[in-house]
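Biologist: Take one part of this and walk me through it closely, please. I'd like the surroundings too, but keep the focus on that one spot.

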Amino acid sequence: MTIEFGLTAELTNTQYAPLAVLLAHYQQNQTLNPLKKVEVKMKTHDFTPFDKLSQVLVSILAGCRTIFEVNTRLKPET
């Protein structure tokens with residue numbers, strides 16, 4: 001997961017900026033690396049177990065009630 005920060009002249013919704021900073025900190029310090037060692041029997045055609053567990057964590061931190069909400073809440077701002 002790559003996080004990009006940028007500036008824009010337009011007014012944007014940045015209510016999840018603290019979450020982005022927290023995840024950037026986790027990525028820099030490799031805090032979530034132990035999740036890469038978790039072995040789960042599942043289909044890994046598109047996503048690894050680490051990717052799926054990371055999405056669960058992000059959805060919890062974003063206050064989502066279901067996993068698919070993360071895609072509508074945390075979408076890139078234009």
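Modeller: Residues 24 or more positions apart account for 40% of the protein's contacts with a separation of 6 or more, a contact being heavy atoms within 4.5 Å. Before we zoom in, bear in mind that this is a predicted model, where local features need pLDDT of at least 70 and side-chain atom pairs count only at pLDDT 80 or more, while totals for chains, interfaces and linings use all residues. Numbering starts from 1 along each chain as its sequence is written, and side-chain values use heavy atoms, with hydrogens and water left out.

The overall layout is quick to describe: three helices and zero strands, running α-α-α from the N terminus. Helices here are DSSP runs of H or I with at least four residues, strands are E runs of at least two, and both are numbered from the N terminus. Of the 78 residues, 15% count as buried, that is, under 20% relative accessible area with a 1.4 Å probe, protein chains only.

Now to the spot I'd pick, F50, which lies in helix α2, residues 49-61. That helix has 13 residues and reaches 18 Å from its first C-alpha to its last, close to the 18 Å expected at 1.5 Å a residue; the expected span is 1.5 Å times one less than the number of residues. As for α1, its twelve residues should span 16 Å at 1.5 Å a residue, so the 16 Å between its end C-alpha atoms agrees.

What does F50 itself touch? Leaving out residues up to four places away in sequence, F50 is in contact with L32, L35 and K36. E39 is eleven residues from F50 in sequence, and their C-alpha atoms are 9.0 Å apart in space.

Finally, the ends of the helices. α2 is followed by G63, with a positive phi near 80°. After α1 comes Q30, whose phi is also positive, near 55°.

Key
Buried < 20%, exposed > 50% of the residue type's maximum accessible area, 1.4 Å probe, protein only.
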